[in-house]
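Colleague: Could you take a close look at one part for me? I would like the core and the sheet that goes with it.

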Amino acid sequence: MIVRTTAEITDTERDVAGTGWRSKRIVLGGDGVGFSFHETTIDAESVHEFHYRHHVEAVWLVEGEGTLVDLEHGVSYELAPGSMYLLDGHESHRLFARTRMRMLCVFNPPVTGQEVHDEHGVYPLVAVD
Ligand code: 9YT
């Protein structure tokens with residue numbers, strides 16, 4: 001059994017920030033359970049484009065409000081606490097945070113912690129050693 005708190009992850013290598021977002025990786029590929037689990041916060045009034053070509057991601061919004069746009073199908077969704085979106089088709093998407101948004105995210109296959117978004121917002125597939 002593994003027990004962790006976000007407090008003990010804060011400011012370690014599991015706490016990763018990009019422009020306007022920060023993600024605390026609570027479970028990573030190295031934990032060997034087949035998924036990774038992150039707490040991601042996105043700054044108010046920031047816009048992000050992501051495209052997880054190699055991963056399926058579920059995102060559950062626990063705080064904040066914003067708009068999600070499925071860039072492949074041109075559909076917009078209003079997000080509020082309790083909203084969940086599942087990128088089961090690896091959809092390219094845009095997130096606009098009206099207020100600071102705090103989300104719980106699951107990735108399959110797991111993120112290892114070494115990925116960096118490329119210019120298309122894509123994470124490469126990195127194998128766990
Ligand atoms: C909201 C969202 O797509 N979060 C992705 C996780 C985050 N970019 C991370 O942990 O790298």
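Modeller: Here is the core, then the sheet.
This is a predicted model: local features need pLDDT of at least 70, side-chain atom pairs count only at pLDDT 80 or more, and totals for chains, interfaces and linings use all residues. Residues are numbered from 1 along each chain as its sequence is written, and side-chain values use heavy atoms, with hydrogens and water left out.

The largest nonpolar core holds 19 residues. Such a core is a set of buried Ala, Val, Leu, Ile, Met, Phe, Trp, Tyr and Cys residues joined through side-chain atoms within 4.5 Å; buried means under 20% relative accessible area (1.4 Å probe, protein chains only). L79, Y85, L95, M101 and M103 have the most contacts inside this core. At least two core residues come from each of β5 (56-63), β9 (93-97) and β10 (101-108). Strands are DSSP runs of E, at least two residues, numbered from the N terminus. β10 gives the largest share, four residues.

Take M101. Beyond its neighbours within four places in sequence, M101 is in contact (heavy atoms within 4.5 Å) with residues including I42, L61, L79, L95 and F96.

β10 and β5 also sit side by side in an open sheet of six strands, ordered β1-β2-β3-β10-β5-β8. Pairing is antiparallel; two strands pair if DSSP finds at least two bridges between them. β1 (15-18) and β8 (84-86) are the edge strands, each pairing on one side only. On average, neighbouring strands are turned by 20 degrees against each other, direction ignored; axes are lines fitted to C-alpha atoms.

Key. Buried < 20%, exposed > 50% of the residue type's maximum accessible area, 1.4 Å probe, protein only. Axes fitted to C-alpha atoms, helices over the stretch in contact; angles between N-to-C directions.
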